[in-house]
Amino acid sequence: MTRTPARLQAFYSTEMVSDSGRGASPSDHKPRDVAEALGLTSWPVELVPPQPSTLDDLCRVHDPSFVVDVLELRRASGFGTTSPSVARSLPYTCGSFYCAAVSALREGICASLSSGFHHAGPKGARGFCTFNGLMVATARLLATGQARKVAIVDCDYHYGDGTQAILESLSLQEQVLHETFGLTYKRPEQAEGYLSHMRSLRSKLAAFKPDLVLYQAGADTHVDDPLGGLLTTEQMRERDRIMFSVARELSLPLAWNLAGGYQVEPDGTIPKVVQLHLNTFEEALKVWQLL
Ligand SMILES: [Zn+2]
């Protein structure tokens with residue numbers, strides 16, 4: 001597991017891209033934006049199409065009537081609309097993260113160009129999140145015996161309330177360590193405390209001994225984000241560097257995803273958000289000595 005893979009895999013396909021019909025969050029088109037930006041680099045990143053999550057996968061953590069109502073457009077997604085393209089994309093965004101988790105178990109490190117998970121609870125969508133891909137992946141890994149314990153390190157700016165609610169509804173608190181920074185850290189004055197907390201994950205993860213780490217590398221944690229506002233660009237690189245280094249040094253497989261990021265330009269493009277996500281890729285590649 002500690003061997004270095006020849007390249008970093010990132011699970012992505014155009015089926016993960018949608019049009020929510022609402023401009024409040026750019027996460028519907030973000031997978032494509034990041035994939036295109038990665039394609040302009042010379043980095044050893046391989047884009048791999050994911051298998052979609054099945055109805056059974058989604059219903060393992062969500063109320064079946066909620067899942068079916070969203071997929072059949074009788075109920076709004078986390079974007080607050082009933083866009084057919086969003087509904088079609090959801091099994092692929094969740095599947096992307098599960099595929100990344102499985103690949104990480106084999107390769108040590110893997111990415112998923114997905115967002116929109118951690119506010120989704122057992123019975124409902126909220127805050128641009130419809131189905132909780134973190135928990136869809138976790139529950140399937142636990143149910144199939146691919147993992148006995150999983151650590152979720154959620155560094156999106158916001159509190160992973162949906163993840164916590166699902167953990168409690170399924171009584172998985174002993175099998176899943178849930179570190180959600182959005183519960184505690186909100187302001188730039190807390191940046192040093194935030195990074196100290198990141199460093200403390202080494203002993204916490206060493207004691208918990210998960211089979212896998214799922215890392216939400218949210219870009220809305222950036223100090224300039226209109227829905228966030230906490231870490232500078234260099235502090236975010238440090239955050240990522242600590243996470244990847246701790247996982248590698250403890251020989252813990254790690255899969256990460258994009259999560260939030262809302263610095264949208266007047267024309268609807270998101271170059272600042274994309275660059276923050278690229279920085280995360282760069283830090284991962286450096287820690288894994290692929291650059
Ligand atoms: Zn967020």
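I began with Glu179 and Lys204, whose side chains form a salt bridge at 2.9 Å, N to O; the term asks for a side-chain nitrogen of Lys or Arg within 4 Å of a carboxyl oxygen of Asp or Glu. This pair ties together distant parts of the chain, 25 residues apart, with Glu179 in strand S5 (residues 176-180) and Lys204 in helix H7 (residues 191-208). Helices (H or I, at least four residues) and strands (E, at least two) are DSSP runs, numbered from the N terminus. I then checked accessibility: Glu179 is buried at 8% relative accessible area, while Lys204 is partly exposed at 35%. Buried means under 20%, exposed over 50% and partly exposed in between, using a 1.4 Å probe and protein chains only.

A note on the source: this is a predicted model, where local features need pLDDT of at least 70 and side-chain atom pairs count only at pLDDT 80 or more, while totals for chains, interfaces and linings use all residues. Residues are numbered from 1 along each chain as its sequence is written, and side-chain values use heavy atoms, with hydrogens and water left out.

**More pairs**

I found Asp161 and Arg126 in a salt bridge at 2.4 Å, N to O. Asp161 sits in helix H6 (residues 161-169) and Arg126 in the loop between strand S3 (109-112) and helix H5 (133-143). Arg239 and Asp240 also pair, at 3.1 Å, and both are buried.

How many salt bridges does the structure hold? I noted 19.
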